[in-house]
Amino acid sequence: MEKRIIGIYFSATDTTRKYVKSFAEAWSKDIDIEINLADNLSAQLPDITSEDLVIVAAPVYGGRLPSQVSSRLKELKGNQAKVIAMVVYGNRDYDDALLELTDILSDADFEVIGAGAFIGQHSIFPKVASSRPDNKDLSALSNFANECLRVIETDKKGELKIKGNRPYKKAVGVPLHPSGDPEVCNRCGKCVEKCPVYAIKVEEPYLSDDSICISCGRCIYVCPKHTRRYSGLKYKMIGSVFTAAFSKRKEAEFNVI
Ligand SMILES: Cc1cc2nc3c(=O)[nH]c(=O)nc-3n(C[C@H](O)[C@H](O)[C@H](O)COP(=O)(O)O)c2cc1C
């Protein structure tokens with residue numbers, strides 16, 4: 001397969017990134033053009049031709065795509081290229097996120113040949129789906145990649161069946177935001193630089209602007225002093241209820257045309 005592989009995704013804490021990378025590995029392919037919108041939400045999107053194979057992936061936030069991500073993806077021009085759509089969620093539910101993603105890609109003139117929802121450690125409540133993806137998840141991903149490859153090689157046409165409803169469920173933010181301890185923070189500025197929505201000020205890097213923060217957890221993930229975290233009574237209370245309710249293991253769901 002000599003086609004160009006393009007990976008476009010948003011991954012704040014690298015779980016979605018791991019799935020995209022592993023998908024290409026299952027094809028024994030390198031990704032020729034890779035864009036993580038969490039590195040730069042304003043990143044220039046590539047010109048896509050009908051000959052390209054594109055992988056588009058995003059984490060599920062509140063049963064939807066993160067709104068900043070969906071608005072960027074709507075700018076894509078698929079030019080009839082084949083695309084694989086993936087969402088990654090933290091074992092609660094993916095609700096309407098995969099339907100939303102495949103709708104955006106179809107509207108952008110892609111041919112969506114496969115769609116899947118995969119599970120990753122919950123980035124707000126890490127006891128949920130902890131250490132996922134594991135070998136079983138990666139083996140499911142590899143099966144999905146092989147099924148997609150078969151569709152490409154046979155140029156099969158068909159329809160996908162995706163779980164979800166239209167109109168999509170209402171997007172709601174999470175009322176929890178990370179912060180750090182000013183005594184531990186060494187003001188290195190990593191979180192300021194890496195926050196995709198610029199919610200952290202260089203003067204007070206141990207705080208977040210809660211009106212801007214999307215709770216993606218990237219500041220926690222990149223903090224070399226490990227001082228950024230979710231904390232407080234509200235977090236503990238929501239966390240224990242959430243962990244009790246959503247710890248029963250879910251498995252990947254995917255289908256191809
Ligand atoms: C703001 C926010 C909302 C989330 N909403 C959901 C959700 O609705 N359902 C779910 O199962 N997981 C949810 N998660 C968990 C993420 O989808 C999951 O941790 C994902 O693997 C994060 O991907 P990343 O590591 O690529 O950033 C949410 C996480 C965040 C930060």
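**View 1. Strand 1 and its partners in the predicted model.** Ile5 has Leu53 of strand 3 as its bridge partner. This close-up, like the others, shows a predicted model. Strand 1 and strand 3 (residues 53–59) run parallel and are joined by 5 bridges. Strand 1 also pairs with strand 2 (residues 33–36), again in the parallel sense, over 4 bridges. There, Tyr9 has Asn36 as its bridge partner. Strand 1 (residues 5–9) is largely enclosed by the rest of the structure, because 4 of its 5 residues are buried. Together with helix 1 and strand 2, strand 1 makes a right-handed β-α-β unit.

View 2. Asp14 sits in the loop between strand 1 and helix 1. Its phi is positive, near 75 degrees, although Asp14 is a residue other than glycine.

**View 3. The shell around the ligand.** Which residues come nearest to the ligand? They are Thr15, Thr16, Gly90, Arg92 and Gly120, out of 26 residues around the ligand. Helix 1 (15–26) supplies at least two residues of this shell, and so does strand 4 (82–89). By class, the shell has 14 polar, 9 nonpolar and 3 charged residues. Domain 1 (5–167) and domain 2 (190–245) each provide at least three residues of the shell.

**View 4. Where domain 1 meets domain 2.** The domain assignment of the protein gives domain 1 (5–167) and domain 2 (190–245). Their C-alpha centres lie 25 Å apart. Across the boundary, 11 residues of domain 1 are in contact with 12 residues of domain 2. On the domain 1 side that touches domain 2, the classes are 7 nonpolar, 3 polar and 1 charged.

**View 5. Cys216 in its loop.** Cys216 is in the loop between helix 5 (190–194) and helix 6 (218–222). Is this residue buried or exposed? Cys216 counts as buried, because it has 26 C-beta neighbours inside 10 Å. Leaving aside neighbours within four places in sequence, Cys216 is in contact with Ala12 and Pro196. Pro66 is 150 residues away from Cys216 in sequence, yet their C-alpha atoms are 9.3 Å apart.

View 6. Val69 belongs to helix 2. It has 25 other C-beta atoms within 10 Å and is therefore buried. Which residues does Val69 touch, not counting those up to four places away in sequence? They are Phe10, Leu37 and Ala58. Glu193 is 124 residues from Val69 along the chain, and 19 Å separates their C-alpha atoms.

View 7. The loop between helix 2 and strand 4 holds Gln80. Gln80 has a positive phi near 70 degrees and is a residue other than glycine. With 13 other C-beta atoms within 10 Å, Gln80 is partly exposed.

**View 8. Helix 3 under cover.** Helix 3 (residues 97–107) is mostly covered, with 8 of its 11 residues buried. Those buried residues are Ala97, Leu98, Leu99, Glu100, Leu101, Thr102, Ile104 and Leu105. What covers them includes strand 3, helix 2 (67–73), strand 4 and strand 5 (111–119). Just after helix 3, Asp109 takes a positive phi of about 75 degrees.

**View 9. Strand 6 against strand 5.** Strand 6 pairs with strand 5 over 4 bridges, in the antiparallel sense. Ala117 has Glu253 of strand 6 as its bridge partner. Which side chains of strand 6 (residues 253–256) point to the buried face? Phe254 and Val256 do, and both are buried.

**View 10. Two cis peptide bonds.** The peptide bond from Arg132 to Pro133 is cis, with omega near 10 degrees. Pro133 is placed in the loop between strand 5 and helix 4 (135–154). The peptide bond from Arg166 to Pro167 is also cis, and its omega is near -5 degrees. Pro167 is in the loop between helix 4 and helix 5.

Conventions
Residues numbered from 1 in each chain as written. Predicted model: local features only at pLDDT ≥ 70, side-chain atom pairs only at ≥ 80, totals over all residues. Near = placed C-beta within 6 Å. Nonpolar A, V, L, I, M, F, W, Y, C, P; charged D, E, K, R; others polar. Domains from an automatic or database assignment. Contact = placed C-beta atoms within 7 Å. Buried ≥ 20, exposed ≤ 12 C-beta atoms within 10 Å, placed from the backbone. Pairing = 2+ DSSP bridges. Right-handed = clockwise from strand over helix to strand, strands pointing away.
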